[in-house]
Amino acid sequence: MHRVASSGSNGGSVRTRKEKKLTYVLNDSNDSKHCAGVNCLDVLNSSVSNDQSYLFTGSRDGTLKRWAFDEDATICSATFESHVDWVNDAALAGESTLVSCSSDTTVKTWDSLSDGVCTRTLRQHSDYVTCLAVAAKNSNVVASGGLGGEVFIWDIEAALSPVTKPNDAMEESSSNGPGNSQPVTSLRNVGSSNNISTQSSPSRGYTPTIAKGHKESVYALAMNDAGTMLVSGGTEKVLRVWDPRTGSKTMKLRGHTDNVRVLLLDSTGSYHFISFLLTGAKFICRLWDLGQQRCLHTYAVHTDSVWALACTPSFTHVYSGGRDQSLYLTDLTTRESVLMCTKEHPIQQLALQDDSIWVATIESSVERWPAEVKSPEKDFERGGSFLAGNLSFNRARVSLEGLNPHPAYKEPLVTIPGSHPIVQHEILNNKRQILTKDAGDSVKLWDITKGVVVEDYGKISFEEKKEELFEMVSIPSWFTVDTRLGCLSLHLETPQCFTAEMYSADLKVSGRPEDDKINLGRETLKGLLGHWLAKKKHKPKPQVLTSGDILSVKDTKKNLNASKSEDSSAANDPVYPPFEFPSVSPPSIITEGSQGGPWRKKITEFAGTEDEKDFPLWCLDAILNNRLPPRENTKLSFFLHPCEGSNVQVVTLGKLSAPQILRVHKVTNYVVEKMVLDSPLDSLAIDGARGGPQPLFAGNGLLPTGSKPWQKLRPSIEILCNNQVLPTEMSLATVRAFIWKKPEDLILNYRVAIAK
């Protein structure tokens, strides 16, 4: 959020404007793995996928992955990347449509058998979307619920139908804030080449059915196979039953005393099984008869909250897992239970496949455990079974803790490994490198302007390595970083991202003058969008229709129109080696432009046909036109005085100003020139005499060759601050930050160097 004063106004009028930011996400060397906890699972059986079964996973890293099963391994066959925040739930709707929801407030549909093609983005929720429900025998019906208390029922076929009338103004309101519910959903398409192409809505748009009634967050949904009954639950401690065809509420069930976290509905809709979280350590599961609108049974199996459920096709046995890191199988009729396995982390999601069960936890790996799904009685025969407790909760928990059952299985059948998420990071003072530590205690050093790991130190002390890598250097903070997605996400916002500069010599960029300065933010943007610029340059010219309309974006701003972009010399600047991002495991960009909502895409997947309106205007202005926004505090004011007791001449009486990255040896050269040339003091621009600080000479500091021999007698000068001799390669910004350490203007002293 930047406060931008109205131009030409001196009356203190200030308006608040939120500029669109550009984020790039750095991927590990193996981006076929999830790098954060897996929130959701679903299985596509071989009967509907050409004799090939697939597992779909959705993660807190913002991606979904499709896993194919080989005889010896499970292979990641596709990555679905478009969400810009956690993927909270995913479900298969029919044979070829995958539906996902995210904390980015969107619901997305995908071609599940493709290489990761997003077919639509549905923007109707005003807050995180937490859960989905699909009708097994009516694949067009999908329900979504979220923290805004909203429940929407979507007709997927209608939502994915071709657009009949263009509408240039669509999706402008897609950046919903809390409480800003849209009357018409926005649909955004990512085509077969994964291009970012905005699909216009029909004149009136598609509006999903709304189930109104929740006043608080919705965390759980379940729908019967026919799509005629929908059950929802959340933080209101009640269950609501809806008719998805009309959105009308048919009943309301009370009895819970805390959040409803997960729901299951049987195929006929006559029963559903839920687990919920109670206060303190009291947790149970309930079985309800919807026809009688009452609770039939309660089951106390877990010693902590239950987060995941899966039932057998006959709905006679249920698998449950949760915060206590245990997976149980319970017979709903006899109440007999058995501990199937234990994990090292809380269980978040379950999915049955043949005679096995997939288990996802808050870590990035997924495991497949044996389970006699077709004959669950065989698991009870393995021993260790017990009767699920009933009320009271205290007696049930005490009996479980004293029972200490042994798990029926000790090892999983298959493990799909993930990458450890980053749990700690430190931005180094050079503002180009970040030290990270992951959940496996591995410490790595990243170069963020190249997007690669510079050094993998292994399992060492993070704090000790941080101290070892300390540099006494001061560079403005030109980016922010977080690890919410389990990996490094670097955020660039204007004008902050253009505040840092370095000399080309320090970056080892050849062919540039010694004093040439390189803007870190602009060059990083060029590196990130280099693939797009290269392909954009070679894209075909827009064709003219018979009507005279051009097949290009309308109303493109003058400084960003296509012809100017292609001819711009700035757009043809090379990407310098320190800013070249890898083509293998490339970073992903997350941003939004003047149309549509946020999007995410790998930098190597740009086709060059993307609309310039999909990018922030300030970003294109920087890389296409080399036009940077006005920057503050790029210069530093200081005084330059002789050392106390020194007999050297006074070279200036006023305040000087210079770029913050100016090196001390430039100040030394300035003093030497003034002393050797013996310029009269009345010729200097003293602070106040001409309205401001005197600009410091910023040339190469070399004296011109002349005929006067005294010009070659250059004295050896030292520059000091706080009585400390300064290294000649130290910048003024570093001197102020680490030597001066005061808010007042910097004071430098000089003297003839003392012989050692």
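The model is predicted: local features need pLDDT of at least 70, side-chain atom pairs count only at pLDDT 80 or more, and totals for chains, interfaces and linings use all residues. Residues are numbered from 1 along each chain as its sequence is written, and side-chain values use heavy atoms, with hydrogens and water left out.

Within this pair, pick Q433; the bridge partner of Q433 in β37 is D447. Then move to the turn. The hairpin of β36 and β37 has four residues between the strands, and D441 takes a positive phi near 70 degrees there.

Select Q424 and look across to K437 in β36, the bridge partner of Q424. β35 and β36 form a hairpin with five residues between them, and K431 in the turn has a positive phi of about 55 degrees.

How many of the six residues of β36 are buried? Show residues 433-438: five of the six are buried, and the strand is mostly covered. Buried means under 20% relative accessible area, exposed means over 50%, and partly exposed is in between (1.4 Å probe, protein chains only).

Next, select helix α5 (residues 520-528) and helix α8 (residues 617-625). Their axes come within 9 Å and cross at roughly 95 degrees. The two helices are therefore roughly perpendicular to each other, a label for angles of 65 to 115 degrees; under 35 counts as roughly parallel, over 145 as roughly antiparallel and the rest as oblique. Show the side chains of R522, L525 and K526 on α5 with W618, C619, A622 and I623 on α8, which make the contact (heavy atoms within 4.5 Å).

- Go to P495, in the loop between β40 (489-492) and β41 (501-503). The peptide bond from T494 to P495 is cis, with omega near 0 degrees.
- Go to T105, in the loop between β9 (97-102) and β10 (107-111). T105 is not a glycine, yet has a positive phi of about 75 degrees. T105 is buried, with a relative accessible area of 16%.
- Go to R335, in the loop between β28 (326-331) and β29 (336-342). R335 has a positive phi of about 70 degrees although it is not a glycine.

Notes. Pairing = 2+ DSSP bridges. Axes fitted to C-alpha atoms, helices over the stretch in contact; angles between N-to-C directions.
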